[in-house]
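Please keep the sequence and the structure in view while reading.

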Amino acid sequence: MHADKLRPGLVVYAAAGKEQGGFYMVTEVGEGYVTLADGKRRPLEKPKRKNLRHIRLTDTLWEPEGMTNRALRSKLRDYTAGSTDQAFDEAFNKGGNGFV
C-alpha cells in the first residue's frame, strides 16, 4: 500500500464507481478512504468519499490551500487536455502501484 504518498492536493485517477475514468484531487485522507473533488460534479464543499482500493495514484501534487472550484476545474482540464495518454500512463504504469 502506498498510503504514505496520500495527502491533500494529490491528483488521483478514479478506477471504479461512478467517477471511473476521471482525475480528481484528494481533499482529505482518512482510514481506508479519501475524499475527492473535481470542482464540478464534486465541488470542494461536497467531496466524494472513495475507498482506497478504487483509486490509482499519480505523482502530481497541488497546493490545496486557497484552491477554488474554478481553479481546480481549470487545473484538471489542463492536466488531462492534450496529455490524457501521459496522465493515464502515469496513473497506471509509471507508479506501478495499481490499486492502493
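## The pairing of S1

In this predicted model, Tyr13 faces Phe23 of S2 across the sheet pairing, standing opposite that residue. The contact belongs to the antiparallel pairing of S1 with strand S2 (residues 23–30), which extends over three bridges.

Strand S1 (residues 10–14) is also joined to S5, again in the antiparallel sense, and here the number of bridges is four. Within S5, the residue that stands opposite Ala14 is Ile55.

## Overall layout

Of the 100 residues in the protein chain, 43% are buried.

S2 is joined to strand S3 (residues 33–37) by five bridges, and the two strands run antiparallel. Gly30 has Tyr33 of S3 as its bridge partner, while Glu28 is partnered by Thr35, also in S3. The hairpin that these two strands form has two residues between the strands, and in it Gly32 takes a positive phi near 85°.

## S3 and its covered faces

How many residues of S3 are buried? Five of its five residues are, and the strand is thus described as mostly covered. In a regular strand the side chains alternate between the two faces of the sheet. In S3 both faces are covered, with Tyr33, Thr35 and Ala37 buried on one side and Val34 and Leu36 buried on the other.

S3 pairs with S4 as well as with S2: the pairing of S3 and S4 is antiparallel and has four bridges, whereas S2 and S3 are joined by five. Thr35, which is the bridge partner of Glu28, has Arg49 as its bridge partner in S4.

## Lys48 in S4

Lys48 lies in strand S4 (residues 48–51).

Met67 is found in the loop between S5 and H1. With a relative accessibility of 12%, Met67 counts as buried, because that value falls under the 20% cut-off. Met67 and Gly39 are 28 residues apart in sequence, and the distance between them in space, C-alpha to C-alpha, is 9.6 Å.

## A positive surface patch

Which residues form the positive surface patch? Lys40, Arg70, Arg73 and Arg77 make it up. Among them, Arg77 has its place in helix H1 (residues 69–80).

Notes: Residues numbered from 1 in each chain as written. Predicted model: local features only at pLDDT ≥ 70, side-chain atom pairs only at ≥ 80, totals over all residues. Heavy atoms only, no water. Patch = residues over 30% accessible without salt bridge, like charges linked within 9 Å, V, L, I, M, F, W, Y side chains within 5 Å. Areas by Shrake-Rupley, 256 points an atom, 1.4 Å probe, with all protein chains shown as cover. Salt bridge = Lys/Arg side-chain N within 4 Å of Asp/Glu carboxyl O. Lys, Arg positive; Asp, Glu negative; His and termini not counted. Charge placed at Lys NZ, Arg CZ, Asp CG, Glu CD. Pairing = 2+ DSSP bridges. Buried < 20%, exposed > 50% of the residue type's maximum accessible area, 1.4 Å probe, protein only.
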